[in-house]
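Visitor: I would like to learn how to read a few local features of a model. Please take me through them.

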Amino acid sequence: MAETIGLLILTSVGAAEVGGIAGFGTLAGTTIAGTSLAAIVGTGVLVGAAYGANALAGGPDLPSPSDGQVTVKQPVPPRKRHYGRVKISGSLVFVETKPGSGSVTTHLNQVVAINHGLIDAFEEVWLNEINCITDPPVSAGGGPVTNYFLFGTVRYVNVFLENGTDSDVGFAWLHTYFPDIWDGSHQGRGIAKGLMTYFEPEAEMFTAVFPGAQPPALRVVIRASRVWDPRQPGQDKDNAASWTFSANPVLIALDYHRHADAMSLAHLDDVLFTPAAIAEDWIPAANICEEAVPLKAGGTEPRYLASGGYDLPNSAPKDVLGAIFATCDGQTYQRADGAIGVRVGKTVAPSVVIGGDHILGYDGFRKGDNAFTTVNEIGAQYTSPPNDYQTTDAMAWRDEDDISERGQVITTNLQLFWVTSHPQVRRLMKIAMHRANPEWQGRIVTDLYGLNAYNERFVRLVIDELDIDDTFEIVDFAIDTGAGTCTIAVSGFEQAAYDWDPATEEGDPPLIPDEGEAMAAIAAPTGLVASSGVQGRQDVRTIGDPINLVLGWDAGDRSEATAKAQFKLTSADDGGWLDAVVQTSNLQAISMMVPAGNSYDIRVAWKVGTRSSDWTVIEGIVA
């Protein structure tokens, strides 16, 4: 059909008017890259207006990474779907308290819907700022939290996880304790979710177990949605059970186009995602994304990765695709056969050269700065895993020579929320700097030979009178069937934009507050004292009675520091240290119940992120 329409259009132009294209034969038999000219023109009429580069127009309008880490409580919560590796919370879909009965104390239960659709795995569970260890482990569905929210050996928080499989049961715990409102039919299949159960401690111990005096909020690090990888022979594009996890932006974009909870174009595979398009475009582009790029610190990383999410049904496809392709300098385009092709950023020598008599004229072709696009500093925001997956400013990319010559800084900023690597951000900033400062730009008008560049990203232009023999990026392409001409908007683009020297160009990521020798030393706590008693009661006891050790110390000089306190029997070796519960004041800790009359050692240290001060120790305290 496309070719028929194309022939009708070309017939209306007239063979005599357009003649043959050099190297190809007469109009009726003309082919470009193996596709008839008629098919190119006809398919452009049918599809070009509905799909193509315009799908990526405008900046992404998506939630920032920090937005996704907030637990949402709404009557009709948004559905969120994610790709790559992300740290997120979700929407509260169940909140109920069960009064204590028998050996089970009063407990609050919350279910959070984390991802719409199956995820590959849970990797970490965070409650407030605590990276929790569970038994069974997080990767096996979770269980009681064993490293925090304790008093003695009693565990006060459970976290159970389900990946959103077709066999999810929807938490047997809730079926047992809330059968009237959450029975066996509440399975939540196809929704990755978490159940938190908070057991109520005795009143005098509440702030010791829950320092914030509130049940802690859930956040998780996940390997998100699985995607079809056409390079893997064991995977079936129509069988999601055969798919695997990937943070490859090309595979993510392919999934977003085809998935029922995204653009839902899989039913058009025979037209838009043909075997030829997959083999000639999508697979090579996916391979480019996984090429190893050297790092300044040694080793390598993949050239391009992507991680992020979108809301259903509110996120516009152009915004989601814009965010995905921003991670890889990518773009989709309409192939000559009508299918969707894809390109990503890498040095590619142009295969098409246009010059001589084929260039009929210029439209706004100019050399030098464009006041609307020229910049000499590029900033960028990305998602930094070492900074708790928060939006973080990358080291700016600056043209110091231009700044010095102009005497001013002209800045633009990139939103690269789906990028999680600082070196990758810097590579993308370099590309953006080249693109914003072309030596030449404008439009050229060609005869129909210009159609050779129809499916190209780059073209080499040879214009003798302007002393031009350079690579240009094609930014727009129009065919005037009446005049038999092509008008091609081009912008100079040096392929050196894709060259990379990590030693001089990678730069330094933003300082992590708890990292590196550049951080000031953390002084050990001072003023450590200890007393004993039964918390909340008069201190009247005999030897052997259960008591609490109460540790106290002076405020430190680091407001961001948190305290860690421990105790052990003096007779025990270093493996016998047990954690005491630090109170909300950050200046006192209370041990579990221990027998009175014994000799104990105590110690306390300040902690900032992953670094700690030396311990301050008192030995031989008789409680």
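This is a predicted model: local features need pLDDT of at least 70, side-chain atom pairs count only at pLDDT 80 or more; totals for chains, interfaces and linings use all residues.

Guide: Residues are numbered from 1 along each chain as its sequence is written, and side-chain values use heavy atoms, without hydrogens and water.

Visitor: Which peptide bonds are cis?

Guide: Most peptide bonds are trans, and most residues other than glycine have a negative phi. Here the bond from D135 to P136 is cis, with omega near 5°. The bond from L312 to P313 is also cis, with omega near 0°. P313 lies in the loop between β19 (308-312) and α9 (317-326). Helices (H or I, at least four residues) and strands (E, at least two) are DSSP runs, numbered from the N terminus.

Visitor: What is the phi of D388?

Guide: Near 65°, a positive value in a non-glycine residue. Y389 has a positive phi too, about 55°. Y389 sits in the loop between β24 and β25.

Visitor: Is Y389 buried or exposed?

Guide: Buried means under 20% relative accessible area, exposed over 50%, partly exposed in between (1.4 Å probe, protein chains only). Y389 counts as buried because its relative accessibility is 12%. R258, in helix α6 (residues 249-258), is buried at 7%. Its contacts (heavy atoms within 4.5 Å), leaving aside neighbours within four places in sequence, include W228, W243 and D269.

Visitor: Where is D467 found?

Guide: In the loop between β29 (458-463) and β30 (468-480). D467 counts as exposed, at 70% relative accessibility.
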